[in-house]
Structures are given as structure tokens and as C-alpha cells.
2 protein chains.
Amino acid sequence: MSRLRGKVVIAQGGGPTAVINQSLVGAVLESRKFREATRIWGARHGVRGIVGENFVDLSEATSHNLERVARTPSSALGSTRDKPDAEYCQRILDAFRKHDVRYFFYIGGNDSSDTVRIVGEHAVREGYELRAIHIPKTIDNDLPINDHCPGYPSAARFVAGALGGADADNRALLGVYVAVIMGRHAGWLTAAAALARRHDDDGPHLIYVPERQFSIDRYLADIDRVYRRHGRCVVAISEGVWASRDSKGKAIPVTVDLMRQAGREPQVDAHGNVQLSGGALADELADAVQRRLGIKRVRADTFGYLQRSFPGVVSDVDAREAREVGEKAAHYACGHGTSGSVVIERVGDYAVKYELADLKAVAARTRHLPDEFIDAEGNGMTEAFRDYLRPLLGADMPCLEQLWAPAAKLDND
Amino acid sequence: MSRLRGKVVIAQGGGPTAVINQSLVGAVLESRKFREATRIWGARHGVRGIVGENFVDLSEATSHNLERVARTPSSALGSTRDKPDAEYCQRILDAFRKHDVRYFFYIGGNDSSDTVRIVGEHAVREGYELRAIHIPKTIDNDLPINDHCPGYPSAARFVAGALGGADADNRALLGVYVAVIMGRHAGWLTAAAALARRHDDDGPHLIYVPERQFSIDRYLADIDRVYRRHGRCVVAISEGVWASRDSKGKAIPVTVDLMRQAGREPQVDAHGNVQLSGGALADELADAVQRRLGIKRVRADTFGYLQRSFPGVVSDVDAREAREVGEKAAHYACGHGTSGSVVIERVGDYAVKYELADLKAVAARTRHLPDEFIDAEGNGMTEAFRDYLRPLLGADMPCLEQLWAPAAKLDND
């Protein structure tokens with residue numbers, strides 16, 4: 001058992017989620033129970049607050065305030081996109097040493113887990129005793145080993161609900177609707193759109209993820225087929241889809257291909273990087289349908305930041321698990337004196353248990369949708385994926401009902 | 001009392017809302033109680049289903065199915081954007097006469113109320129006894145006489161929640177965030193963003209509505225001021241804002257002015273009409289901030305169709321009132337033998353009563369935000385507006401809490 005006494009520093013990194021504060025509050029309240037933790041500090045804006053010595057004293061926060069913060073979306077301590085290199089990690093360790101910090105909890109995704117790993121390795125090399133724990137969080141759901149990542153189920157609930165509503169809207173006014181969903185490298189969040197379907201003719205009728213090469217011609221042919229059959233079509237597509245690669249093998253955004261096909265050349269900045277605005281993919285995808293299929297009513301939305309921080313659209317399963325991975329960090333570090341990454345393992349249907357994994361196995365790797373979750377045509381999800389996601393969405397998912405009424409018997413006069 | 005026996009036809013027109021099916025179900029279930037109503041038919045896709053004789057028999061729908069439909073967003077019967085002229089209205093009346101329809105309930109906004117008015121006038125002229133009722137519905141909240149319109153409170157709840165989450169997100173990662181919200185002519189829905197504010201430094205810090213002429217220079221100066229003070233800025237803006245007028249006095253979309261300032265000329269179609277894609281305003285507003293203020297992290301979202309049909313983000317006040325205006329239509333028509341438009345009057349704090357207004361007073365007119373709801377600077381809402389909207393949002397609005405923790409006392413070594 002650990003008898004290492006010192007301060008706890010907690011920080012939040014990367015993109016916010018609807019439940020990341022549950023992990024924060026779980027770690028804070030549970031750490032308070034260990035006398036190893038002399039003080040619990042929060043770093044403002046992730047690692048940036050550590051090297052800048054910008055700390056708040058979470059030992060002074062009331063449990064009432066913390067419980068309300070836990071139910072508030074986005075990162076209450078502030079976050080950062082900084083991705084520390086070895087020298088930056090050294091500065092983090094120097095700050096810890098200066099303030100007698102012995103426990104470091106970093107709530108974040110791939111980059112954050114890598115930071116925890118490097119800081120931990122520096123500490124071992126210098127013989128400074130430090131327990132460093134990565135607490136998983138990402139709406140992208142792309143951390144390896146984990147069955148799923150806290151934050152993803154709530155974002156998935158938002159996407160499934162949004163597509164259900166958008167499909168009902170499209171059924172009322174007909175036409176084609178395209179939803180562009182977050183996910184640059186993995187299609188987990190876009191795939192959640194599949195859970196909006198209940199009846200055979202419900203949308204989304206087509207789902208495209210970055211795990212499959214995208215074909216614009218195939219996309220248009222797919223929409224044409226659905227539209228002829230149902231008189232309407234609803235599409236969910238990842239922002240990260242790509243149809244071609246440049247000479248170095250790097251995936252080129254579909255927006256670029258679409259613009260070139262329409263005779264427009266995208267702008268490039270001083271470094272030669274393509275500049276694409278936030279709504280460009282949705283606008284170009286809609287434009288291609290109007291121009292090449294001649295369908296008049298085509299609408300496209302980019303869900304943007306709504307999908308990761310919307311208050312009140314939270315999976316209770318996600319909230320509970322996010323809380324628990326925060327609590328487990330305190331157990332592993334202050335209770336057992338260990339370091340690593342807390343991971344979620346699915347056991348039974350549906351239950352989970354938590355394990356501590358080696359940071360090397362988690363850090364800076366991306367988990368993609370497995371083949372068995374994507375259908376053979378590459379434009380939809382399988383029943384196996386639906387079975388995987390369903391229990392994560394939580395209780396009381398809104399149920400969208402179709403009106404059941406027979407055609408009226410017209411008087412023949 | 002009316003003893004006019006005949007069929008009821010119910011239809012839904014215009015853009016869907018989250019609670020329009022409450023009105024449908026209220027009218028259907030209440031009509032069933034009157035023996036004047038020999039059969040209750042629903043027209044598919046609004047007036048289009050009437051002239052096309054595309055009816056479903058709602059007398060055959062189960063109450064269980066109807067109650068679930070009531071909680072489902074969007075127009076379960078289907079909707080239409082058709083805006084009937086006198087000849088089209090004559091065809092509606094002909095269909096009614098052919099099928100012995102004596103009660104007509106049309107759930108919709110300004111255009112739908114005008115249709116009800118014209119059909120009713122045709123019937124009077126021809127001596128055909130018809131009771132025609134307009135049931136109010138619009139997320140735009142722009143029907144005259146009504147204190148507010150069913151559908152608006154739920155859309156406002158979505159917007160207020162979305163801005164609350166977006167503000168928490170912006171607080172975590174800083175920068176400028178711009179949300180483009182529905183409303184081509186009136187700023188009611190954009191104004192709802194004001195209800196996201198709780199603390200003094202909460203966003204949205206700036207709100208722009210079409211009731212005030214927009215100035216791009218002023219917009220940039222406003223953002224610059226807020227950004228210098230808070231290190232971040234959250235903006236809510238109506239899609240319908242305009243900064244200039246063409247030679248005929250018609251408002252020119254801000255997107256066009258922004259594109260021209262950036263040296264880009266918008267595309268025009270064969271009729272000379274400007275073609276703007278869905279995300280163009282958001283993209284141009286963000287681009288102007290980056291280019292002219294030199295702020296690096298600028299994000300913009302267009303809320304699009306999510307704001308009117310999102311399942312599960314519904315005001316209970318809105319759901320109840322939408323149901324009641326549907327029920328009242330049956331009372332006024334089948335019970336009292338009257339025609340007109342059901343309107344909502346606010347009485348007390350907070351309660352409403354329903355009245356039947358003359359269709360001429362409602363039809364085809366737009367109610368704008370009154371001056372006392374817009375602040376003197378024209379970039380925010382007043383406390384009077386907040387008092388107006390607050391009770392409409394319903395129970396259990398998510399409460400966003402800021403973390404309260406003092407700065408840590410750093411060891412001075």
C-alpha cells in the first residue's frame with residue numbers, strides 16, 4: 001500500500017465532453033478520502049496551467065458546487081490543445097517537484113495519455129516518486145483497449161436523437177438531408193446515427209465513415225437509389241471522409257475533390273495547406289446532389305460543437321462511468337500506489353469493470369471501427385454495431401413514433 | 001350551438017416543430033367527442049393532400065399510437081410549402097364539398113392562416129357551410145395577437161441550451177464562437193440565446209437580430225471589445241440579419257456584403273437571384289473575425305434543422321399549450337359552430353387563456369421583436385425579454401454551474 005504523501009494535481013485536456021466534469025468530480029471527491037493526498041489542486045487549461053503554475057485549490061470547493069459542476073458539460077477547469085514534447089513534460093515534472101505534487105490525474109484522449117506516459121517516464125528516470133494516471137475521455141471513442149470511452153455515449157445519444165428528429169423533419173417536407181458529424185479519423189460518432197432507425201423506411205438511409213474510402217459517384221448513385229424508392233433520403237457522413245490521397249499518401253478531404261469537380265479551387269495558406277471553412281463539406285455535398293441528380297430540395301447541416309457539449313442530452317450510463325473512472329484513478333494512485341491508464345472493459349450484457357492498463361498500450365494510438373461494424377456495401381452499419389451501442393445510450397431515449405392510420409375510403413360520387 | 005354534421009379534415013403546414021403533433025392529437029381526440037364530426041380525416045402533406053385527395057382516416061388511429069405521435073417531433077401527417085392562391089383555395093373547397101367536409105383545422109403559421117381565411121371566404125360566398133379554424137404553430141414566434149406561438153418555446157429551449165453548452169465549451173478552449181440561428185425576418189429565436197446567461201461573464205456576449213440594421217464594422221468592434229475583456233467571445237446571430245438594401249429597398253443578406261468585402265462575388269442563378277449555401281453566413285462571419293481582428297481560434301456553427309425537430313428537448317409548457325390549442329379548435333368549430341384563429345393570451349404570471357380571433361387580424365402578418373426587448377446598443381436583449389421568455393422554457397432547464405475554487409496558495413521556495 002502506498003504511503004506516499006503529497007499534493008494531487010488534476011487537469012483536463014483536449015476537446016470537452018458532456019460528462020468530463022463527472023470524472024473531475026469523481027477524482028476530487030475520492031482523493032479527499034485518502035490522507036496520502038495532502039491537498040487537491042486543479043490546473044487551469046490542462047498542462048498549460050501546470051507549467052504556468054495556474055492552479056485552483058479544489059480542497060476548498062464545496063461538495064454541492066462540485067456535484068452541480070459534475071452535471072455541467074465541458075471542461076470546468078478549462079482545457080488546452082497543447083501537445084507536450086519531452087522538454088514540455090520536463091517542465092511539468094519540475095512544477096510537480098517544486099510544489100510536492102505526488103499524484104497526477106490527466107483526463108483526456110490519446111494525446112493526454114501520451115503526456116502522462118512521458119511525464120511518468122521522466123519521473124522514474126529522475127527517481128522522483130510520482131503516481132500518474134490517465135483518465136479516459138473522448139467523444140471520438142478511439143482509445144485502444146477500452147470497450148468505449150467516457151463522453152462518447154452522450155455524444156452518440158445527441159447524434160442518434162438529432163438524426164431521428166432530422167429524419168422526421170425530412171419525412172414531412174421530403175428531399176435530401178445530409179448531416180456532417182465529428183470524427184476526423186474514426187467513424188464511431190457518425191455510426192451512432194444508425195441508432196435513429198426503427199422502421200424499415202426510417203433514415204439515415206446512408207452512413208459514410210472514414211474507415212472506408214469514399215467515392216463521390218457511389219455517394220450520388222446511393223442517394224439516387226434511395227430517393228427513387230422512398231421519395232427522400234437522409235445521409236450521415238463523417239467530417240473525415242476522403243476519396244483520394246496526395247502524392248505522399250495523405251488522405252485529401254472530400255471537400256477538395258468536390259470543389260475541383262465543380263470547377264472551384266480551394267484556397268491555400270502561406271504554407272500551402274488547404275483552407276476549408278466549417279460548413280464547406282456539407283455545402284459541397286448538398287451542391288453535388290442538386291447539380292448532378294437534379295433534386296431540388298437538398299439541405300445539409302454541420303452538427304459542429306453542439307454534439308459534444310449539449311446540456312441535458314446525456315446518457316446516464318455515460319455519466320456514471322465517467323464518474324467511476326475518475327474515482328478509480330484515486331484508488332489506483334492513492335490507494336494502490338500504481339500508475340497507468342484507467343480502461344473500461346465490458347463484462348456481461350450490460351455491465352463494465354475497470355482495469356489499469358499500461359500507458360504504452362493506450363498512448364497515441366487510434367482505434368478504428370472494426371470491419372464487423374460496417375456493412376458490406378460500406379454505406380451503413382451492421383446489427384453488431386447497433387448491439388454494441390444500444391446499452392451505452394442510457395435510459396429514456398426519446399421514441400419516435402409514426403402515425404398509424406389507414407387511407408381514407410373516398411366516397412365514389 | 002352547431003348541429004352541422006360532416007367530416008373533419010386536419011392538416012399541417014409549413015416548417016415542422018417539436019410539438020406540432022400535440023396540436024394534431026389534441027384536435028383529433030377532442031373532435032371524436034362531438035357527434036357533429038362524422039369522420040376525422042388527416043390530409044397528407046398539408047393542402048396538397050386535400051386537393052390531391054390524399055387522406056388518412058384518423059378515426060381508425062388508436063389513442064395509444066396518437067399519444068406516442070404527440071410526443072414525436074415534426075409533422076406526422078407530412079407538411080408542404082405550398083402557399084395557395086384563390087384558385088388553389090377553390091380546389092380545396094371543391095374537395096371539401098365532394099367529401100362532405102364541414103370542419104377544417106389547419107395547423108400552421110402565417111401562410112396557413114391566410115389559406116384558412118381564403119377557403120372560408122370562398123365557402124361563405126358559395127353558401128357552403130364550413131367551420132374553418134387556424135391552429136397556431138411556428139418556431140419563428142411571429143404570429144400577431146398571440147403572446148407566443150406553439151413550437152417557439154421548445155425551439156427557444158434548444159437554442160438557450162445549445163448556447164449554454166457552447167459557452168461552456170468556449171470557456172474551456174477560448175477564442176470566438178459564432179452561432180447562426182433560424183429567423184429570416186424576426187429575431188425571436190435568436191433572442192432566446194440570452195437565456196443561456198447566468199453569471200456576468202457568461203456568453204452569449206453579443207446577440208444580433210434582423211430588427212436592427214447590422215453593421216459589419218460594429219460587429220467586429222463589439223467582438224474586439226469583449227475579447228479584450230474576457231479573452232473570449234460568444235455571439236448569437238439571426239440568419240436574417242442585413243446591413244444594406246438594394247435599389248428596390250430589399251434587404252441584402254449580410255453574407256453578400258461580407259463576401260464582397262473579402263473580394264468574392266456571390267453566385268447568381270438564371271433569374272439573377274443570389275445563391276447562398278447553408279453554412280455561408282457562419283463561414284463568412286468567422287472569416288471576417290480571423291482576417292480583420294487577427295484572432296486565431298474562431299469557430300462558427302449553423303444550428304440548421306436541429307433547432308426545430310430535436311427529440312427530447314421540449315418545453316412542457318409548450319407541449320401542453322400546443323395540445324390545448326388543438327383541443328380548442330374542436331370546441332370552437334364542432335361545439336360553438338365558429339370559425340377563426342385560436343390565439344394564446346398571457347394572463348397572470350404565468351398562465352394563459354385561449355381566444356378565437358378574426359383570421360383577418362392574424363393572416364399573413366409578421367410580429368417583430370418590440371423595441372423594449374432589444375437593448376439600446378442593439379447587440380443584446382433586455383431584462384424585459386428575459387422575463388417574457390423564462391416561463392415558456394418549461395421545467396428542468398439544465399443548470400450550468402461554474403466551478404468555485406480559489407487560486408491555490410503556491411509554496412514560496
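Biologist: How many bridges join strand β4 of chain B to β5(B), and do they run parallel or antiparallel?

Modeller: General idea: strands of a sheet pair through backbone hydrogen bonds, either parallel or antiparallel. Now the case here, in a predicted model. Strand β4 (residues 101-108) of chain B is joined to β5(B) by 6 bridges, and the two run parallel. To see one such pair, take B:Tyr106: its bridge partner in β5(B) is B:His134.

Biologist: How many residues of strand β5 of chain B are buried?

Modeller: Strand β5 (residues 131-136) is mostly covered, with 6 of its 6 residues buried. Look at both faces. B:Arg131, B:Ile133 and B:Ile135 point one way, while B:Ala132, B:His134 and B:Pro136 point the other way. All of these are buried.

Biologist: Is A:Arg102 buried or exposed?

Modeller: Count neighbours. The cut-off for buried is 20 or more other C-beta atoms within 10 Å. A:Arg102 has 26 C-beta neighbours inside 10 Å, so A:Arg102 counts as buried. A:Arg102 is found in strand β4 (residues 101-108) of chain A.

Biologist: Which residues is A:Arg102 in contact with, leaving aside its neighbours within four places in sequence?

Modeller: There are two stretches to look at. One holds A:Leu4, A:Arg5, A:Gly6 and A:Lys7. The other holds A:Glu129, A:Leu130 and A:Arg131.

Biologist: Which residues touch the most other members of the largest nonpolar core?

Modeller: In general, nonpolar side chains tend to be buried together in soluble globular proteins. Here the largest nonpolar core has 269 residues, and A:Ala193 and B:Ala193 touch the most other members. Sequence neighbours within four places aside, the contacts of A:Ala193 include A:Val159, A:Ala160 and A:Leu163. A:Ala179, A:Ile181, A:Pro204, A:Ile207 and A:Ala236 are also in contact with A:Ala193.

Biologist: What is the strand order in the open sheet of chain A, and which strands stand at the edges?

Modeller: The order is β7-β8-β6-β11, 4 strands with parallel pairing. β7 (206-208) and β11 (298-302) stand at the edges. Each has a single partner strand, so one side of each is left without a neighbour in the sheet. The twist averages 15° from one strand to the next. β7(A) is joined to β8 (residues 232-238) by 3 bridges. One pair to inspect is A:Leu206 with its bridge partner A:Val235 in β8(A).

Biologist: Which helices lie across these strands?

Modeller: Helix α6 (residues 152-173) of chain A lies across β6 (175-181) and β8, at about 165° to β6(A). Helix α10 (residues 280-293) of chain A lies across β6, β8 and β11, at about 165° to β11(A).

Biologist: Where are the domains of chain A?

Modeller: Domain 1 is 6-151 + 314-362, and domain 2 is 153-311 + 370-393. Their contact takes 18 residues from domain 1 and 17 residues from domain 2. The domain 1 side has 8 nonpolar, 7 polar and 3 charged residues. The domain centres, taken over C-alpha atoms, are separated by 33 Å.

Biologist: How many residues does the contact take from chain B and from chain A?

Modeller: It takes 65 residues from chain B and 65 residues from chain A. On the chain B side, α6(B) gives the largest share, 10 residues. By class, that side has 33 nonpolar, 18 polar and 14 charged residues.

How values were computed:
Residues numbered from 1 in each chain as written. Chains lettered and ligands numbered in written order. Predicted model: local features only at pLDDT ≥ 70, side-chain atom pairs only at ≥ 80, totals over all residues. Core = buried A, V, L, I, M, F, W, Y, C linked by C-beta atoms within 7 Å. Buried ≥ 20, exposed ≤ 12 C-beta atoms within 10 Å, placed from the backbone. Contact = placed C-beta atoms within 7 Å. Domains from an automatic or database assignment. Nonpolar A, V, L, I, M, F, W, Y, C, P; charged D, E, K, R; others polar. Pairing = 2+ DSSP bridges. Axes fitted to C-alpha atoms, helices over the stretch in contact; angles between N-to-C directions.
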